[in-house]
Amino acid sequence: MSTTTYREAFRAGLREALAVDDRVFLMGEDVGRYGGCFAVSQGLLEEFGEQRIRDTPLSESAFVGAGIGAALGGMRPIVEIMTVNFSLLALDQILNNAATLLHMSGGQLGVPVVIRIPTGPGRQLAAQHSHTLEGWYAHIPGLRVVAPATLADARGMLATALIDPDPVLIFEQIALYGASGELADDAGPVDLDHAVVRRPGSDVTLVAYGGSLAPALAAAEELAVDGVSAEVVDLRTLRPLDTETVLESVRRTHRLVVVDNGWRSGSLSAEIAARVAEHALYELDAPVERVCAVEVPIPYPRHLEEAALPGPADVMAAARRAVG
Amino acid sequence: MAEFRMPSLGADMESGTVLEWLVGPGDQVRRGDVVAVVDTDKAAIDVECFDSGVIERLLVQPGEKVSVGTPLALIAATGADAGPAPPETAARPRETPPPAPHPAALSPLVRRRAAEAGLDIATLTGTGPGGVVTAADVDHALHPAVPVAAPLVPSVTPGPPEPVVAAAPGARIHVSPYARRLAAERGVDPTVLRGSGPDGVVHARDVPAVPAPVVTNGAGPAPVAATALRRATAALMARSKREIPHYYLALDIDLGPALDWLRAHNRAIPVAARVLPAAVLLRAVVLAAQAVPELNGHWIDDRFVPGRGVQLGVAVSLRGGGLVVPVIRDAGTLGLDDLMARVREGGERARTGRLRSSEAGGATITVTNLGELGVDAVDGVIHPPQVALVGFGAVRPRPWAAGDAVLVRPVVTATLSADHRATDGALGARLLREIDRRLRRPEEL
Amino acid sequence: MTAPRHDLTPLEARTLVLDVLRTVSPGPALDALGPHDDLRDALGLDSLDFLAVVTRVSERTGRRIDEDDYDGLADLDGWVGLLTTSDPAL
């Protein structure tokens, strides 16, 4: 065990990937000389050189397209898009090329590109840098979408994503980069197929992912003081969804609260609620509760930003309503 | 026609087993008569009826366990107040409602349509997979396409579409899907359950547990009854500790004046009317509860509901193990001698396992006296939804400072366990001091 | 209740007290009760039970048993002693 940060865990994953496979390279805005907008790739240029750590022009569509082309050509590119809001400029490449070429080529052309996208609020980066749009990408067949919310996942998801023959989007929480904790010294690749119960409980299931895991866990801790035993499920992979782990939990607790930093309407939280209603309606002892971001552009001032996001108190209130 | 229903004999009672009918069809009953013996898992209780009239029909057989609120018997009013004759159809569809083999899962739509139309789903034949009643089955029952093929509609009266069963119930009862499934599995009609959720929503916790094998009503608690009592106590106490933030206070009280006065009092009355020190303590608690009404009542839906009068629960331990709490109704209206009489009767009935329904449940404050067991003090567990429990330990000669002197006095430790949601320590302290004050002036008891 | 006019013999007193105890706490503990066993401990009597015993013995013997007598009534022997002594009230 040693103490590390979410940022260092990603960097360790990158360094390992670059070291073990010559086909792997990293490209994106400011990933080289500047060390990455969020300093994730700091030092990698010096270590691996300009061929493998490549600064790109400010054109998301162009460099994501180049990454797709490199993947088609047998490389294993890792593309960084500075924030999820800017990823929309590359949405055409992601949806119309990366996600569809395997299908359109009759299975001949796989696109093993990995796209890292910092996402989420919490750092006062205002409405053009703070949104949680993972749920949109989870809508798209042909992609695998993952949301590392723990150090082990930050360290281990990249290696598995690079093995995947299809495009994988890794959504990294901007607010967590500086968070530190204990990570096993032998931490390595992790599976990208399963949701995980982060905290067992018996009274209510709190489903969370990415940036909403921390408030869900904090709420569970507080609820325990009041004698409410909350089970926290971390989705980890947003597409394909591990519905079964969620259903198993609901079968134990009979109550569901979905915590989502995204907006409520048409969100991933809606998808979870719908699947539970489809497959486990007769397990539910109370209406499904959703705790989501307020449906406004995420505000800049700290107090408004906090007010717009699901916090532990909101999660606790929802859990209490569910438990009745 | 009045329905005599399974009464709620305690806040935690969900169902009861009819052990014995003490009346039969044709018997005249008056309000307050003991008509049946019901086992609540905690005790066999003589249940009084609330209406006067003639028993028309018994709806539940001895040995059957039914939910609180289930009609047990029909009582016909007698003579002039017989009221209008019920419409003929009213009584027909429900003979003894058979615990119909509910399909495990009915869709919310089917439930809603049936409820809106006033249809009892149990009477429908399901055509869905596994015999599940579908929306089409409900439609079919409401508007039979071919009249011959509609077995549910009374054969007479072609005419306009007639309500198949009784009138539609007023408000739809909300039952959670999981509670519905449990109810179906356990053969319970979820619409007769009392919901604990907001607006009376029935949750899984409101569905009574799997009916226990019926207990004999012979002498002595059978082993099964004992475990049921244990389970009931376990559930109540666990709920208390889960929900109620207890705070605890204690006060040593010099019982010398009270005991001296009591000795003289007892010398002047017949042996059979003799008053025990325990009754004196109860009387002091009743007076104190009247003086500090904030501790006499219930905590319901996040607020305190003051008790109407002092309904005094008195914990009685059973010889075979276990605990029951007969309730002395309107204890505030009883003088010391009457209170003692009620303690004597209630205690005996609790011991013989035959409490009356008026003695079960509804306490607004409870007293537990462990002095007999030789312990000095008890920090008790509040019985939800009450907010206070007063405990007494043994009355013992103890050194007692009086001015500069140390005397030996008979001393009892009074304790209070109280719900911190409802009150704070200051009010709790007032209650204990009030008990002390009353015991110092026994002649005013 | 008719009060016996004569003092009870020890056997009569013992039988009478056991009869009354049986109404309050029947069972094997009563059958095994020795003359010096503490009644409250052996039979699990509480003060309410004890009062019932006192009341019933008073009724059947016509003898008023006062609280001041209680100290001597902890065991069967004590009861026999009390009931075979002349009632000072007669």
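**Close-up views of a predicted three-chain model**

**View 1. Strand 5 of chain A is covered on both faces.** A:V114, A:R116 and A:P118 on one side of strand 5 of chain A, and A:I115, A:I117 and A:T119 on the other, are all buried. A residue is buried if 20 or more other C-beta atoms lie within 10 Å of its own, exposed if 12 or fewer, and partly exposed in between, with C-beta atoms placed from the backbone. Six of the six residues of strand 5 are buried. Strands here are DSSP runs of E with at least two residues, helices are runs of H or I with at least four, and both are numbered from the N terminus. This is a predicted model: local features need pLDDT of at least 70, side-chain atom pairs count only at pLDDT 80 or more, and totals for chains, interfaces and linings use all residues. Residues are numbered from 1 along each chain as its sequence is written, while chains are lettered from A and ligands numbered from 1 in the order in which they are written.

**View 2. Strand 5 of chain A has parallel partners.** Two strands pair if DSSP finds at least two bridges between them. Strand 4 of chain A runs parallel to strand 5 of chain A, joined by three bridges. Here A:E80 has A:R116 as its bridge partner. Strand 7 (residues 168-173) of chain A is also parallel to strand 5 of chain A, with six bridges. A:T119 stands opposite A:Q173 in this pairing. Strands of a sheet pair through backbone hydrogen bonds, either parallel or antiparallel.

**View 3. Seven strands of chain A form an open, mixed sheet.** The strand order is 3-2-4-5-7-6-12. Strand 3 (53-55) and strand 12 (237-239) of chain A are the edges, each pairing on one side only. From one strand to the next, the twist averages 20 degrees. Angles run from 0 to 180 degrees between N-to-C directions, and axes are lines fitted to C-alpha atoms, for helices over the stretch in contact. Strand 2 (residues 24-28) and strand 4 (residues 76-80) of chain A pair in the parallel sense over five bridges. A:V24 sits opposite A:R76. Helix 3 (residues 60-72) of chain A packs on the sheet and touches strand 2, strand 4 and strand 5 of chain A. The direction of helix 3 makes about 165 degrees with that of strand 4. Contact means that the C-beta atoms of two residues, placed from the backbone, lie within 7 Å.

**View 4. A:Q128 lies in a loop of chain A.** The loop runs between strand 5 (114-119) and helix 7 (134-137) of chain A. Is A:Q128 buried or exposed? A:Q128 is exposed, because 11 other C-beta atoms lie within 10 Å. The C-alpha atoms of A:Q128 and A:N85 are separated by 6.2 Å, though the two residues are 43 apart along the chain.

**View 5. The largest nonpolar core has 110 residues.** A nonpolar core is a set of buried Ala, Val, Leu, Ile, Met, Phe, Trp, Tyr and Cys residues joined through C-beta atoms within 7 Å. A:I170, A:L206, A:V207, A:A216, A:V257, A:V315 and A:A319 touch the most other members. Helix 9 (residues 213-225) of chain A gives the largest share, seven residues. Beyond its neighbours within four places in sequence, A:A319 contacts A:V204, A:L206, A:A219, A:L223, A:V228, A:A230 and A:V257. A second, separate core of 99 residues includes B:V390, C:V24, C:A52 and C:L76.

**View 6. Two helices of chain B cross.** The axes of helix 7 (residues 277-291) and helix 8 (residues 336-351) of chain B come within 9 Å and cross at roughly 115 degrees. The crossing is right-handed: a crossing is right-handed if the near helix is turned clockwise from the far one by less than a right angle, and left-handed if anticlockwise. B:A279, B:V280, B:L282 and B:R283 in helix 7 meet B:L336, B:L339, B:M340 and B:V343 in helix 8. The contact has seven nonpolar, no polar and one charged residues. Ala, Val, Leu, Ile, Met, Phe, Trp, Tyr, Cys and Pro count as nonpolar, Asp, Glu, Lys and Arg as charged, and the others, Gly among them, as polar.

**View 7. Chain B touches chain A.** Chain B gives eleven residues to the contact and chain A nine. Helix 4 (residues 177-186) of chain B gives the most to the chain B side, with five residues.
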